[in-house]
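Biologist: Please take a close look at one part for me: aromatic side chains and their setting. Keep it brisk.

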Amino acid sequence: VQLVESGGGLVQAGGSLTLSCAASGSVDNMGWFRRAPGKQRELVARITSGDSTTYADSVKGRFTISRDNTNNMGYLQMSSLKPEDTAAYYCQIQRGATIYFGQGTQVTVSS
């Protein structure tokens with residue numbers, strides 16, 4: 001399984017970015033994680049095969065996770081970005097009992 005994230009970059013506080021995740025095959029559940037320097041990896045958002053979504057409290061109302069099952073794609077729309085959102089963002093998929101992570105894409109939010 002290959003996962004390729006894209007869409008990261010440098011943005012000013014209050015700005016927006018959309019991350020994309022391309023999977024080489026079908027996806028059951030999908031999630032986005034992030035790891036900031038010196039911190040543990042945390043779940044940002046998750047979407048199930050039935051399109052049920054969950055979000056970390058810190059991003060509720062600002063981030064939206066979505067998926068395109070036809071093209072095996074996942075997205076994370078991020079708005080009202082804050083400097084504390086700065087992190088490497090990783091796409092995660094679950095296929096059956098197996099979990100896969102992408103290589104990550106960096107998001108940097110300047111104040």
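Modeller: A residue is buried under 20% relative accessible area and exposed over 50%; in between, it is partly exposed. Keep in mind that this is a predicted model.

Start with the rings. The structure holds one aromatic pair. The centres of the Phe-33 and Phe-101 rings are 5.4 Å apart and the planes stand at 70°, so the pair is edge-to-face. It links distant parts of the chain: Phe-33 belongs to strand β4 and Phe-101 to strand β10 (residues 98-101), 68 residues apart.

Now accessibility. Phe-33 has 14% relative accessibility, so it counts as buried. Phe-101 has 32%, so it counts as partly exposed.

Next, the core. The largest nonpolar core has 26 residues. Trp-32, Val-44, Phe-63, Leu-76, Met-78 and Tyr-89 touch the most other members. Elements giving two or more residues to this core include β4 (29-35), β7 (63-68) and β8 (73-78).

Follow Met-78. Phe-63 has Met-78 in β8 as its bridge partner. Six bridges join the antiparallel strands β7 and β8.

Those two strands belong to an open sheet of four strands, in the order β1-β3-β8-β7, with antiparallel pairing. β1 (3-6) and β7 are the edge strands, each pairing on one side only. From one strand to the next, the twist averages 15°.

Note on methods: Residues are numbered from 1 along each chain as its sequence is written. This is a predicted model: local features need pLDDT of at least 70, side-chain atom pairs count only at pLDDT 80 or more; totals for chains, interfaces and linings use all residues. Side-chain values use heavy atoms; hydrogens and water are left out. A nonpolar core is a set of buried Ala, Val, Leu, Ile, Met, Phe, Trp, Tyr and Cys residues joined through side-chain atoms within 4.5 Å. Buried means under 20% relative accessible area, exposed over 50%, partly exposed in between (1.4 Å probe, protein chains only). Two strands pair if DSSP finds at least two bridges between them. Axes are lines fitted to C-alpha atoms, for helices over the stretch in contact, and angles run from 0 to 180 degrees between N-to-C directions. Rings of Phe, Tyr and Trp (its six-membered ring) pair if their centres lie within 6.5 Å; planes under 30 degrees apart count as stacked, over 60 as edge-to-face and the rest as tilted.
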